[in-house]
Amino acid sequence: MEIITRQELLKYLLTIDRNKVKNSKVEKNIELIYEKYPIAKKVQSLFKDFHDVMFSASPNNLDEFIKTYQDDVTPFCNGLKKDIAPIKNAISYEINSGFVEGNNNKFKLIKRIVYGKSKLCNLLKRSYISFMSTLDDFDISTIVEDILAS
């Protein structure tokens with residue numbers, strides 16, 4: 001008897017590239033899982049179809065996806081309908097706000113770590129160091145000397 005955790009099964013079902021997930025327990029028993037739990041096959045199919053729509057560069061496929069899965073995942077499809085214009089834009093344009101969101105996330109993390117303990121002036125110094133470190137001509141020694149001098 002083999003035990004397959006929910007996490008292992010979901011990781012297998014929700015991964016498009018099978019080379020990334022090599023779980024022999026799940027692979028060996030996947031047909032049995034599909035037979036015993038048909039919802040697992042449906043979840044995998046739904047996820048793959050949504051992934052294909054998002055990376056298809058054809059926003060009209062989203063309408064077809066919503067029609068196909070409206071009865072199965074009604075709240076999800078209703079959420080898609082509410083934000084249909086931004087989602088279609090995200091599908092059709094290659095540019096995104098990932099860089100900006102990444103920097104916002106980085107700053108919030110620094111703020112949580114530093115600001116509560118060290119006040120605003122140290123938040124500025126810590127943020128400056130973190131964001132400047134990505135530049136080619138960055139030299140930590142000058143910044144450390146400045147911090148020690150103040």
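Is aspartate 72 buried, partly exposed or exposed? Aspartate 72 is partly exposed, with a relative accessible area of 40%. On that scale, buried means under 20% relative accessible area and exposed means over 50%, with partly exposed in between, using a 1.4 Å probe on protein chains only.

Before I go on, the ground rules. This is a predicted model, where local features need pLDDT of at least 70 and side-chain atom pairs count only at pLDDT 80 or more, while totals for chains, interfaces and linings use all residues. Residues are numbered from 1 along each chain as its sequence is written, and side-chain values use heavy atoms, with hydrogens and water left out.

Back to aspartate 72. Its side chain meets that of lysine 42 in a salt bridge, at 3.5 Å from N to O. A salt bridge here is a side-chain nitrogen of Lys or Arg within 4 Å of a carboxyl oxygen of Asp or Glu. Aspartate 72 sits in the loop between helix H4 (60-69) and helix H5 (74-82), and lysine 42 in helix H3 (residues 38-54), so this pair links distant parts of the chain, 30 residues apart. Helices are DSSP runs of H or I, at least four residues, and strands are runs of E, at least two, numbered from the N terminus. Lysine 42 is also partly exposed, at 40%.

By this rule the count comes to five salt bridges. Another of them joins lysine 25 and glutamate 8, with the closest N and O atoms 3.5 Å apart. Lysine 25 belongs to helix H2 (residues 24-36) and glutamate 8 to helix H1 (residues 6-13), so the pair ties together parts 17 residues apart in sequence. Lysine 25 is partly exposed at 24%, and glutamate 8 is partly exposed at 22%.

One more pair: aspartate 63 and lysine 88, at 2.9 Å from N to O. Here helix H4 holds aspartate 63 and helix H6 (residues 84-92) holds lysine 88, so parts 25 residues apart in sequence are tied together. Aspartate 63 is partly exposed at 30% relative accessibility, and lysine 88 is partly exposed at 21%.

What makes up the largest nonpolar core? It has 11 residues in all, among them Leu46, Phe50, Leu62, Phe65, Cys77 and Ile91. A nonpolar core is a set of buried Ala, Val, Leu, Ile, Met, Phe, Trp, Tyr and Cys residues joined through side-chain atoms within 4.5 Å. H3, H4, H5 and H6 each give two or more residues to this core, and H4 has the largest share, with four. Leucine 62 touches Phe50, Val53, Leu80, Ile84, Ile87, Lys88 and Ile91, leaving aside residues up to four places away in sequence; contact means heavy atoms within 4.5 Å. A second, separate core of seven residues includes Tyr12, Leu13, Ile33 and Tyr34.

Last, the ends. Methionine 1 is in the segment before H1 and counts as exposed, at 99% relative accessibility. Its C-alpha atom and that of phenylalanine 131 are separated by 52 Å.
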